[in-house]
Amino acid sequence: MPVLCNRCEIKKAHLKRPKTGHSLCKECFFWVFEEEVHHSILSAKLFNRGETVGIGASGGKDSTVLAHVMKVLNERYDYGLNLILLSVDEGITGYRDDSLETVKRNQKQYELPLKIVSYEELYGWTMDTIVKQVGLKNNCTFCGVFRRQALDRGAMMLEVDKICTGHNADDVAETVLMNFLRGDIARLRRCTAISTGSEGAIPRCKPLKYAYEKEIVLYAYFKKLDYFSTECIYSPNAYRGHARSFLKDLESIRPSSIIDVIHSGENLSVKEEVRMPIQSNCARCGYISSQKLCKACVLLEGLNRGLPKLGIGKHHKLQDKLLKSQPLTEEEEKKFKRISF
Amino acid sequence: MLGKNRLVFPGEKVLLAVSGGPSSSSLLFQVQEGLSHKASKKLRFVPGIVHIEEGAACGKIQEERTKIVADLKSIFSTSGFPFVIVYLEEVFSLPSSVLQSIFSLPTEKDDLYKEAVAGFMQSYHTSVKKNLCHEKVAQETTLTEDHPHVSLLSTHAHANGTSISAFRGDFPYSPEQTKAVEKLFASVKTLTAKEEMLQTLRKHLILHTARIKGYSKVMMGDSCTRLAVKLLANICLGRGAFLAMDTGFSDPRHGDITIIRPMREYSSKEIAFYNKLFGVPSVFTAGLNTKAPEKASIQHLTESFIVKLQADFPSTVSTIYRTSEKLNPRYSQTPADDKGTETCLLCSCALGIELRDEASAFRAISISEELSQSKKPEGGQVSSSTTEECCAENKVETLESSGCSCQSRERRNTTPDLWSLLCYSCKLVVKDMTSLDLLPEYILEEANRRRRRQVVY
């Protein structure tokens, strides 16, 4: 007796949903997945009519599925949005150049305009050269900070109103866990918000926030979408890896724990006496920042001076010195030189 | 730590919850030291000890349990405080008032504290001159009251004094009662839910003991490491909203009884060193997840994760501790409107947080459940009558009623009305149970009472 789909009860079930454990046939699964994203968008009021929306596309499964679903929903429910693909080239050979090819193919398939910004043209450094200077332990910080700025600058060049990224439920849950383990109160409050951003910066949202990674993979597989599926070669030593393996183990014990973690993260509240960072603009490049110099400028400064650990850790007192481009003293320099790995 | 928080008034009766493990034994030892005459800064409260014997849940044999209880009794009697040992079987004879919180009017704590201290010091000085022998007599009478026999709390146990005395000194519960506890725990399918249920029952027993014996504060011996594990596990279980109450220094959820955790700044390593250096006796009692594989339950997984992480990043536990200090209990209850805010049946936390935001994880998962099911609620199920009944009953929260109809298919064909009385994480525990009838009476009684009150409003 074949198992019937839980929803239509006519066709044979093709898969078992990781989120709820129900058995569904292909068509019902597509419909349910798209409906859930539609519901996330509606209930959080993410978009308004006539807006231009930039989709952060890396060629991986999340952004491919995001582009596909956004296009489908835009037509089906008539959101009235202009969609553009936005891609960032970090300069990692063997990883990013291949995935960019995938993005170019996606562009042709979905008939959406595409813009690529690269670290080389924005900062003068590629990830390969950065890793040679920094080592393998803290490079994810550089990549993440630079990518965020690159995405914003690309969006400003294209004059989009909002950016949406393909962060899925697993990503958000990992971020909650990671921030909790690191004691980062400021980020803990913001990271579960489905839409972030403030005046001066382009708001960014995560329509796939409640979609499990496994379901995204299933969706891409059954729809035969074209995506690039290798891990970044520099990622194995990141702190996030610990949070990720923990989350995967949790999911194997209880599949709903991913949503439970997000639920907990959303309901965390911080006492009022806790000091939160205030937002202002970077003195050098004008980007938003909570310190005098934005993180990207600090990191770049460190790279250019050959002091790769300048941006890692907390050194508020040196911000003034950097601003005035004063040379650092001998002892200070020693602290920031790369430690052998 | 106690002085900074000004929670324990001098002369107050405080119950120490001692499990026999290293940190609670250390707590007991330090309280003894603090109360003795040679301490430089004397503690000024009246302690009592309670130990909850949980062998029934773990399926231990009787000889093991009596041996452990005997070891503990010897430790407790050397301390000189009145003690009581409560068995898990008593859970079936608790009254339903355990689940209610009784709030009194908020008072200016600081002034009261200073006055109380001043008054106490005065009376102490006058009494010490005259009534040295009187004090000693008073202590002895309290000792003989609850010591050394196992004292039973339920009122009808005192009525059948004859049958109880037959067991006294040996093991006070019949095998049927033990079987009932075992059946309850067997009906919970996952180890995670079992541990949660055990914790809840344990807390209820402690609360009941405190209320009956007139204690207003309870001290738990949770160490820093244990609390860090609990914090992370609670996040994974969906209890993020109540982190501050579950792991903070004081837990005011139950109104008249406050739970305090004075050992929360000491890591388990420090406690181990202290115990070794000062020769603190402790008894190891195997728990539900002793020797279980790493992925057996969420709590166990979290513990091994944090311990491993601590080895690579030594600041993990203290960072988590500091983070927990900065948290506020969201939507905390205030005595003024305790009629308006409802509380969860099992854990006494505020209900209804998930319904406050429009776009939240809770709504997302309810939509997922709804969409994945076929539209017709009755599809030839046995429990179709209860499905309709509970859909009709749950007019209060519409989303939950649709979730209810979907889920009451296979599992919960009895008492689906518990669903709306529980918070998010207690719902997850109950979901794992095959039958809700095995829950102790007091829970079911209280559930019925609250349901009737809900229908009235």
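Mentor: We shall discuss the salt bridges of this predicted model.

Trainee: What can side chains of opposite charge do when their charged atoms come close?

Mentor: Side chains of opposite charge can pair when that happens. Over all chains, this structure holds 35 salt bridges. In one of them, A:Glu36 pairs with A:Arg17, and the closest N and O atoms are 2.8 Å apart.

Trainee: Which parts does the pair of A:Glu36 and A:Arg17 tie together?

Mentor: A:Glu36 belongs to helix 1 (residues 26–44) of chain A, whereas A:Arg17 sits in the loop between strand 1 (15–16) and strand 2 (23–24), so the pair links parts that are 19 residues apart in sequence.

Trainee: Are A:Glu36 and A:Arg17 buried or exposed?

Mentor: A residue counts as buried under 20% relative accessible area. A:Glu36 has 7% and is therefore buried; A:Arg17, at 1%, is buried too.

Trainee: Where do A:Lys61 and A:Glu213 lie?

Mentor: These two form a salt bridge with closest N and O atoms 3.1 Å apart. A:Lys61 is in helix 2 (residues 61–76) and A:Glu213 in helix 9 (residues 213–222) of chain A, so the pair ties together parts 152 residues apart in sequence. Both residues are buried. They also belong to a network of salt bridges whose members include A:Asp62, A:Asp170 and A:Lys248.

Trainee: How many residues apart are A:Lys104 and A:Glu101?

Mentor: They are three residues apart in helix 3 (residues 96–110) of chain A, about one turn of the helix. A:Lys104 is partly exposed at 34% relative accessible area, and A:Glu101 is partly exposed at 43%.

Notes
Residues numbered from 1 in each chain as written. Chains lettered and ligands numbered in written order. Predicted model: local features only at pLDDT ≥ 70, side-chain atom pairs only at ≥ 80, totals over all residues. Heavy atoms only, no water. Salt bridge = Lys/Arg side-chain N within 4 Å of Asp/Glu carboxyl O. Helix = DSSP H or I, 4+ residues; strand = E, 2+ residues; numbered from the N terminus. Buried < 20%, exposed > 50% of the residue type's maximum accessible area, 1.4 Å probe, protein only.
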